[in-house]
Amino acid sequence: MLRIGRITYANCSPIFHELQKQALDEDYRFIGGVPSYLNNMLAAGEIDVCPSSSIEYALHPERYLILPDLSISSIGAVASVLLFSRIPIEELDGQKILLSSESATSVNLLRILMKIRFGCSCSYTVSEQSLDSALHEGAAMLLIGDSALRALFQETDLLVYDLGELWHEWTGLPFVFALWFCGRQVANDRYSEVTRLARLLITSKERACADLESIAQSSSEAEWMGSDRLVEYWRNNISYDLDSMHLDGLKLFYRYCVDLGLLPAEPRFHFLEISQ
């Protein structure tokens, strides 16, 4: 039985909805969690396959193989990776920015945008506080996933900056927040199972993208987001593909990470080979 990490955010729901429809219970065990938690589980070998932070792959490319044609990305606004600020983003130089403890890749994207795009040197502190409380301590706060979506739907006087949109306006490229990858040892030891899952995930992606309306009707996120808004989010803000443009965006992200000392070197992409 393969152990599959499931990011417990609305952006992942369509893929897992379809995967669980097609999968047999005895084939897979699903373990839920936020990205930072699942990154640690994957690194420790406590799960086998996961949509995991793209920065986790870059830190340890020798440990992992990327499943092809799959990602959690945006091509423009992502709606669920947001900087809430009391002052304009260009004026954040020297200010403290609070960070969600759930984030990994998004934190580094924020550092790149602030330093290289906006020329701001900021201090960063992880905070478990609510948005309102945190902004008594810092000038801005980064929220991701469902926390960001919930905050976006509330009326606020804060300035809201979408990191996916800022990246795309700046580079013209998609931003890849997460890749699907597995441990190399798992791929070696259980190749047929892992490749079968990889093919099943691609099928799940295709079926999900063709049936978002009905998936939304049975999704728990619709209870607080509304089914129409949920479908709009999946369709307009999330990309599940991993094509050459996505990889170009990922390479550029890694290059900037190296420039800022966030990565020791740009990683090579190592993909799981799927036999036809």
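Trainee: Is Arg-190 buried, partly exposed or exposed, and what is its relative accessibility?

Mentor: Good place to start, and please keep in mind that this model is predicted. Partly exposed covers what falls between the 20% cut-off for buried and the 50% cut-off for exposed. Arg-190 has a relative accessibility of 22%, so it counts as partly exposed.

Trainee: With which residue does Arg-190 form a salt bridge?

Mentor: The general idea is simple: side chains of opposite charge can pair when their charged atoms come close. Here the partner of Arg-190 is Glu-193, with 3.0 Å between the closest N and O atoms. Glu-193 is partly exposed too, at 32% relative accessibility. Both residues also belong to a network of salt bridges that includes Arg-3 and Asp-48.

Trainee: How many salt bridges are there in the whole structure?

Mentor: The search finds nine. One of them joins Arg-117 to Glu-169, at 3.8 Å from N to O. This pair links distant parts of the chain, since Arg-117 sits in helix H4 and Glu-169 in helix H7, 52 residues apart. Arg-117 is partly exposed at 28%, while Glu-169 is exposed, with a relative accessible area of 52%.

Trainee: And which residue forms a salt bridge with Arg-235?

Mentor: That is Glu-213, and the closest N and O atoms are 3.0 Å apart. Arg-235 belongs to helix H12 and Glu-213 to helix H10, a separation of 22 residues. Both are partly exposed: Arg-235 has a relative accessible area of 45%, and Glu-213 has 40%.

Trainee: Now the rings. How many aromatic pairs does the count come to?

Mentor: A pair of aromatic rings is described by the distance of the centres and the angle of the planes. The count for this structure comes to 14 pairs. In one of them, the ring centres of Phe-16 and Trp-180 are 5.6 Å apart and the planes meet at 35°, so this pair is tilted. Phe-16 is in helix H1 and Trp-180 in strand S10, so the pair ties together parts 164 residues apart in sequence. Both residues are buried.

Trainee: How do the rings of Trp-167 and Tyr-256 pair?

Mentor: They are edge-to-face, with 6.3 Å from centre to centre and 85° between the planes. Trp-167 lies in helix H7 and Tyr-256 in helix H13, so the pair connects parts that are 89 residues apart. Trp-167 is buried at 0% relative accessible area, and Tyr-256 also counts as buried, at 18%. Ring pairs link these two into a cluster whose members include Phe-175, Phe-177 and Phe-271.

Trainee: Which charged residue lies over the face of Trp-224?

Mentor: Arg-150 does, at 4.0 Å from the ring centre. In another case, the charged end of Arg-229 sits over the ring of Phe-153, 4.1 Å from its centre.

Trainee: What is the volume of the largest pocket?

Mentor: The largest pocket has about 310 Å³. Its lining has 18 residues, with Gln-129, Leu-131 and Ser-147 among the closest to the centre. Strand S8 supplies the largest share, three residues. The lining divides into six nonpolar, eight polar and four charged residues.

Note on methods
Residues are numbered from 1 along each chain as its sequence is written. This is a predicted model: local features need pLDDT of at least 70, side-chain atom pairs count only at pLDDT 80 or more; totals for chains, interfaces and linings use all residues. Side-chain values use heavy atoms; hydrogens and water are left out. On a 1 Å grid over the protein atoms alone, a cavity is a set of points where a 1.4 Å probe fits but cannot get out, and a pocket is an open set with protein on both sides within 12 Å along at least five of seven lines; lining residues have an atom within 4 Å of a point. Grid points are joined across faces, edges and corners, and a volume is the space filled by probe spheres set on the points. Helices (H or I, at least four residues) and strands (E, at least two) are DSSP runs, numbered from the N terminus. Ala, Val, Leu, Ile, Met, Phe, Trp, Tyr, Cys and Pro count as nonpolar, Asp, Glu, Lys and Arg as charged, and the others, Gly among them, as polar. Rings of Phe, Tyr and Trp (its six-membered ring) pair if their centres lie within 6.5 Å; planes under 30 degrees apart count as stacked, over 60 as edge-to-face and the rest as tilted. Buried means under 20% relative accessible area, exposed over 50%, partly exposed in between (1.4 Å probe, protein chains only). A charge sits over a ring if NZ of Lys or CZ of Arg is within 6 Å of the ring centre and within 35 degrees of the ring normal. A salt bridge is a side-chain nitrogen of Lys or Arg within 4 Å of a carboxyl oxygen of Asp or Glu.
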